[in-house]
Amino acid sequence: MRMKIQKFLPFAFLVFIGLNAHGFDTKKTLNAVVVSEAPKIDGILDENIWSSAVPSSDFVQYSPFNGDPASFRTVVRVVYDQSALYIAAMMYDPYPDSIYTELGPRDSDRNLNADHFSFDINPFNDGVNGMTFKVSASGVKTDKMRTSAGRHGSDISWDVVWHSAVNINSQGWSVEIKIPYSAIRFPKSDVQLWGVNFWREIRRKREWSTWNYVDNEVGNSFNYLGELGGIESIEPPLRLSFTPYLSAYLENNSETGNWSSFYNGGMDLKYGINESFTLDLTLIPDFGQVQSDDIILNLTPFEVKYNEKRPFFTEGTELFSKGGIFYSRRVGSRPRKYLNSYELDSLETILQNPLESKLINATKISGRTKSGLGIGVFNGMTATMYAEIEDSTGATRKEMTQPFTNYNMIVLDQSLKNNSYFSLLNTNVWRDAPRDEDFYTANVTGTDFKFLNKNNMYSVSGQAALSQKYYDSLDTDLGYRVFLNMGKTGGVFRAEYQTEILSDTYDPNDMGYERNQNEMRHETSFSYNIFRPVGRIQSSRNSLEIEYVSLYKPTEFSTLKVSLSSFTTFMNYWTIRPEIEYTPLGVHDFYEPRVDGRSYYRYPDLFFSGWISTDSRKDLHVRVNFGFGKNSSPYNQFGYGFGVSPRFRVSDRLQFSCESRYSKRLQDIGHIDSSNPDSIIFGMRDNHTINNTIETSFIFTNRMHLSFRLRHYWSKVDYNDEFFLLKEDGYLETNDYVTENEDINFNTFNIDLAYVWRFAPGSEMSVVWKNSIYSRDDVLIDNYFDNLHNVLQSPQVNSFSIKILYYLDYQYLKRKS
């Protein structure tokens with residue numbers, strides 16, 4: 001039966017793929033006008049320069065009524081000189097007092113309740129890569145690096161220096177934008193032809209419209225750029241900027257009562273190697289002010305993947321996301337031989353034991369040639385790390401926990417016609433130490449590609465990678481991963497088939513992140529989408545997925561999962577997303593036992609989950625999450641969870657939000673001890689988790705804000721004194737296992753308070769207070785407030801810091817001199 005199911009998936013996909021959808025092929029053109037005098041960027045379009053520019057209008061809706069004329073008129077004009085591109089837009093509105101104008105920090109457009117104007121630009125006109133510059137009616141700026149390649153469509157952390165101003169008047173609102181050539185990369189050519197599009201959002205109508213038509217059935221808006229011509233004889237400027245910083249810290253550890261202070265200094269450098277390639281370098285970086293991680297209790301056999309928050313590693317990284325083999329948090333992560341106290345002699349004490357490797361520097365070189373070849377090189381270095389240990393006589397010694405380590409990635413990405421691409425990539429980790437099981441050299445070589453047909457309705461994409469570990473000249477581990485996805489990926493009806501193979505020795509985790517290995521997966525998905533309003537429904541995405549998973553070596557069945565999901569927005573702008581998952585044959589879990597060759601059988605399971613969200617335009621917006629699951633095991637196992645996330649806008653400057661989630665898993669069974677591979681012990685437990693978050697922000701101006709975030713995470717695991725021996729067939733039998741208390745009471749408590757002032761373009765001052773509490777013990781507490789009181793009495797670390805960045809641009813300094 002299992003083999004029949006496996007063979008059915010590709011067949012079902014081929015039957016469904018015959019469905020087609022309409023295509024739409026149109027491309028507007030607009031010529032920019034050269035000017036001898038730059039316009040004043042004040043948001044008021046009263047200069048003669050704009051009257052001489054070619055006006056362009058006739059916007060059409062992207063949503064909700066794709067292809068219909070926009071509700072209100074928008075007129076755009078573009079001029080240029082030898083230093084910058086200038087855009088002026090007039091957004092007519094018969095009710096100017098109804099324009100939404102909420103304030104927020106830079107790059108907050110997703111959560112901002114405001115009207116917007118944005119400008120997409122692709123100087124290489126390849127339909128794959130580009131940039132977006134967006135301004136709200138309240139003057140809040142957002143800039144993004146965009147790509148249709150890979151899983152990461154946009155990089156909102158990308159920040160460059162550009163200028164804008166807005167003005168609300170009796171006819172609507174207007175915006176002026178200046179994009180210096182130093183902020184973008186373009187080919188060196190006498191005549192430029194750039195891909196462009198202009199967008200407008202009327203927030204109260206939830207309407208997006210575009211200058212060049214964008215088919216929302218296809219998904220990638222960069223497939224539908226118009227063209228900007230008329231730009232001639234401009235020279236790419238020397239792009240050189242320095243951003244030195246100074247930071248100072250005052251920290252207190254309540255456990256020791258000690259106060260400590262220190263300061264840091266370093267610099268970021270950007271240098272335009274030529275018109276297309278840029279060098280980004282950070283020297284002696286300081287990431288001490290980044291927001292605290294949302295740490296959780298991990299009961300699984302897999303590593304938890306936390307988001308990257310360090311600015312250098314989130315900005316301009318679209319090339320390095322190719323292939324899924326680069327996880328930037330590996331650079332500067334915990335030393336590989338980080339010492340735990342139980343690894344030492346009972347008479348020894350750890351005096352110093354750094355949690356993170358010290359980053360010396362990191363460098364990125366990236367860009368794209370006129371022929372569409374993107375090239376990216378990343379390199380990072382971390383210093384040798386030591387733990388300091390004291391014995392009973394007071395003598396101290398140092399033990400190396402990680403040698404000097406170099407991290408490197410190279411990417412070659414060729415843009416092809418029909419917005420397709422083909423990439424080659426390589427990562428390498430080299431450690432300056434004799435090679436052994438801890439300090440080996442690791443290398444991963446891979447490819448990433450996507451091919452689309454002319455109307456972008458059908459596509460074939462895939463990835464492949466070969467991992468290598470070099471312990472010495474004769475001892476090498478090789479592993480591989482192959483992923484393929486093909487199908488009809490545009491239109492109302494869609495169908496896709498994908499398969500993935502991970503060999504038992506594939507391991508990219510020295511510089512990447514792969515949750516598991518030794519697995520084969522096949523998945524077929526069918527979806528029906530509503531892009532134009534029908535009745536009470538504004539838009540909807542509905543899908544059926546069938547997934548078959550087996551072990552790679554030996555080939556053994558793991559699970560069959562069927563999923564149904566829907567994402568529907570109604571005309572009142574409420575949204576609902578229900579999902580049902582069913583594993584009719586159960587799951588043979590080859591990872592939970594923590595021993596190769598063994599598996600644990602999980603009984604057939606039905607899980608229902610989803611969320612409901614109210615209209616986000618309202619001052620009070622609420623989202624409710626829910627979930628319930630139960631399996632057919634004889635142990636009466638089930639679980640449920642719910643959460644509520646209200647957000648209240650007091651004014652355009654002040655808002656409050658909170659999130660409270662609760663989950664409970666009863667009679668759950670999981671791994672306890674596998675120190676003896678022939679006697680693997682599991683235990684029955686109840687797991688209760690509460691996650692509370694409170695956030696607020698006050699926006700003084702569009703360049704100055706104060707933000708506050710508090711998070712308390714509490715998870716307790718109560719073992720029921722019922723233990724089991726894992727049998728060879730994957731089932732359990734009762735066992736009289738004797739152990740110490742296995743219960744867990746786990747808490748993390750964090751406060752992040754930050755004041756940020758962008759006092760000049762590219763320059764800012766930030767003042768941050770961070771409070772951190774971490775506790776884990778085996779004493780369970782039933783009452784939430786008793787537990788919270790106990791947490792607040794635990795040892796905590798308080799950090800107060802100030803950091804000043806100052807942006808220095810070579811072109812500006814040259815003009816001043």
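This is a predicted model: local features need pLDDT of at least 70, side-chain atom pairs count only at pLDDT 80 or more; totals for chains, interfaces and linings use all residues.
Student: Let's start with the rings. How many aromatic pairs does a search of the whole structure find?

Tutor: The search turns up 44 aromatic pairs.

Student: What makes a pair edge-to-face or tilted?

Tutor: Look at the angle between the planes: over 60 degrees counts as edge-to-face, under 30 as stacked, and the rest as tilted. Take W199 and W208: the ring centres are 6.0 Å apart and the planes stand at 75°, so this pair is edge-to-face. Both of these tryptophans are buried. Now try Y640 and Y662: with centres 6.5 Å apart and planes at 55°, the pair comes out tilted.

Student: Which relative accessible area does Y640 have, and how does Y662 count?

Tutor: Y640 has 30% and is partly exposed; Y662, at 22%, counts as partly exposed.

Student: Which residues do ring pairs link into a cluster?

Tutor: That would be F287, F312, F313, F320, F326 and F378. One of them, F313, has R310 lying over its face, 4.1 Å from the ring centre. Elsewhere, the charged end of R623 sits over the ring of W611, at 3.9 Å from its centre.

Student: And the cavities: what lines the largest cavity?

Tutor: Its lining is Y600, Y601, Y603, Y635, Y731 and L732, which by class makes six nonpolar, no polar and no charged residues. The volume of the largest cavity is about 30 Å³.

Student: Which strands each supply at least two residues to the lining of the second largest cavity?

Tutor: β24 and β25 do. The lining there divides into five nonpolar, three polar and no charged residues, including N428, V429, N443 and V444.

How values were computed. Residues are numbered from 1 along each chain as its sequence is written. Side-chain values use heavy atoms; hydrogens and water are left out. On a 1 Å grid over the protein atoms alone, a cavity is a set of points where a 1.4 Å probe fits but cannot get out, and a pocket is an open set with protein on both sides within 12 Å along at least five of seven lines; lining residues have an atom within 4 Å of a point. Grid points are joined across faces, edges and corners, and a volume is the space filled by probe spheres set on the points. Ala, Val, Leu, Ile, Met, Phe, Trp, Tyr, Cys and Pro count as nonpolar, Asp, Glu, Lys and Arg as charged, and the others, Gly among them, as polar. Helices (H or I, at least four residues) and strands (E, at least two) are DSSP runs, numbered from the N terminus. Buried means under 20% relative accessible area, exposed over 50%, partly exposed in between (1.4 Å probe, protein chains only). A charge sits over a ring if NZ of Lys or CZ of Arg is within 6 Å of the ring centre and within 35 degrees of the ring normal.
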